[in-house]
Amino acid sequence: MTQSSESVVPWWRNAVCYEIYVRSFADADGDGVGDLLGVTSRLDYLEQLNVDALWLTPFYRSPQADHGYDVADYRDVDPLFGTLADFDEMLAGAHERGLKVIVDLVPNHTASAHPWFQEALRAGRGSSARERYLFRDGRGPDGSLPPNNWQSVFGGPAWTRVEDGQWYLHLFDAGQPDLNWDHPEVGEEFESVLRFWLDRGVDGFRVDVAHGLFKASGMPDVEGLGPAGETLDATMTEWDRPYWNQPGVHEVYRGWRTVLDSYPGDRMMIGEAWVGSAEAMAHYVRPDEMHQVFNFHWLSTPFSAPALRRVLDETYAAVGPVGASPTWVLSNHDVVRTVTHYGGGDLGLSRAKAAMLTMLALPGSAYVYQGEELGLPQVDVAPEDRQDPTWLRGGGVGRDGCRVPMPWSGSEPPFGFSPGGPGEVRTWIPQPDWFRDYTVEHETRDPYSTLNFLTFALQQRRELVGGLSTTFEMLERGDDVVAFRRDGVDGARGLVCVVNCGTGDHPVDDLGTPVVLSAALAEGTGQLLPDSAAWFLS
Ligand code: NOJ
């Protein structure tokens, strides 16, 4: 695949993009933390997996309060992850293999170590340096109460008080002060950051907290919450909050689109916009805004045919009218791994494979999170090994369990993640012994492994996708079964995908030639087993 400004169908419309959580992918320098040269060393693996693009989580200079989502310098690589030269080498290696590279952009907040925030602290109240962030005086006679009742997504108040008594807003960790997007310098800075990475040759951006940049005017209290964030009215949802999905965000993305379009090749951006409905999501992908937005609606639904049908209906109803292509995602570094979400064990794995196969049959692009190809379940990380600020701030189960360093080879930690033998390197989150059954090495040898299944499915997808229509038709095959057909174009055969979410076997002998199966068909009857999916050519 080559980069071309003339391509009829931009690459991202049908791409399978592999998310690399850089800290946990591969460690080349032996400090127990993944790095860019580690990514480079595994590019052959990614090429052989048959993915089309890579999304790298933040590797910029950062104190790592939120593992890189707290950026102190948007134009440099943190020494923990390597150097700019390592980045260039990785990018060149990816491009040589036909892999596109998307980097993460974090515009909602900086790190507290960012020079702008340090200047704001030094310059004091009323200074212009403070205007780049959201500093306010507190409430109460002595200003000792936070300015409003907003709560951090990671738990606890969204405000921290500084030495001179003012408070600053951080919707996430205290080490991630929110920027003031009404300040012109903020917008200018991010356009310049975009250009910095576009000039280096990146193919796109994943935009962090794309729905959060603007806050409602006057920063009013969240309705339904008490002064300390206690729930008073449970009917108010997260999506009603005055800091999400404010209209100002769209103007920013229109500006960025102009920047991206001024570069050759199909540069793109995909927004992380957790919004309440598929319709709200579609606003971000109007023709002059983002190219894509993550469609998170599937990953929070149970493995059930009605739930899946609803996700499909709502997604297409939303993106269709704005002409955008849908995206599909079952997992990422913020959520419980799919195998565990679907019940764990063999059942969870069967369902995860079935869902993956279904996702890959749908028109649009798909995002696969590292380790998903191995069928990794969530790890139960010991409390003393937890590092996620969500956990540390008491904001929930924490995300460490889906971020444990990848098992590559061998039978003991570090399982080839870091150089060196067993016991020589301690990975930043310890790997459990049972990872030995999930290593890339182990799964490569097993013809029935999740890795071989997904590699084959991705190869088939790559061969078929150009000959398939970008629409599909639902087939009626009973309440517990979701089935759809994409017609062939230019004389190619069509593809039928069937997923059995019920408890009984489902006959499929009328559907054509099976090409990819998430589980073998029932012996004797050739029917599709519960919790499995299959593709047929017809
Ligand atoms: C979304 C990222 O995926 C997550 O890991 C991070 O903690 C928050 N945004 C804050 O940047």
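Author: Two strands are said to pair if DSSP finds at least two bridges between them. Helices (H or I, at least four residues) and strands (E, at least two) are themselves DSSP runs, numbered from the N terminus. The model is predicted: local features need pLDDT of at least 70 and side-chain atom pairs count only at pLDDT 80 or more, while totals for chains, interfaces and linings use all residues. Residues are numbered from 1 along each chain as its sequence is written, and side-chain values use heavy atoms, with hydrogens and water left out.

Reader: Which residue in S2 stands opposite Tyr18?

Author: Strand S1 (residues 16–20) and strand S2 (residues 53–56) run parallel and are joined by four bridges. Opposite Tyr18, the residue in S2 is Leu54.

Reader: Which residues touch the most other members of the largest nonpolar core?

Author: A nonpolar core is a set of buried Ala, Val, Leu, Ile, Met, Phe, Trp, Tyr and Cys residues joined through side-chain atoms within 4.5 Å; buried means under 20% relative accessible area, exposed over 50%, and partly exposed in between (1.4 Å probe, protein chains only). The largest such core has 143 residues, and helix H10 (residues 345–361) gives the most to this core, with eight residues. The members that touch the most others are Tyr18, Phe205 and Tyr253.

Reader: How many residues apart in sequence are the parts that Asp76 and Arg61 tie together?

Author: A salt bridge is a side-chain nitrogen of Lys or Arg within 4 Å of a carboxyl oxygen of Asp or Glu. Asp76 and Arg61 form one, with their closest N and O atoms 2.9 Å apart. Because Asp76 lies in strand S4 (residues 73–77) and Arg61 in strand S3 (residues 60–61), the pair ties together parts whose separation in sequence is 15 residues.

Reader: Is Arg257 buried or exposed?

Author: Arg257 forms a salt bridge with Asp261, the closest N and O atoms being 3.4 Å apart. The two residues are four apart in helix H6, separated by about one helical turn. With a relative accessibility of 16%, Arg257 counts as buried.

Reader: Why is strand S16 largely enclosed by the rest of the structure?

Author: Leu495, Cys497 and Val499 point one way from S16, and Val496, Val498 and Asn500 the other way. Strand S16 (residues 495–500) is largely enclosed because, of its six residues, the number buried is six.

Reader: What is the bridge partner of Cys497 in S18?

Author: Strand S15 (residues 481–486) and S16 pair in the antiparallel sense over six bridges, and six bridges also join S16 to strand S18 (residues 532–537), again antiparallel. In S18, the bridge partner of Cys497 is Trp535.
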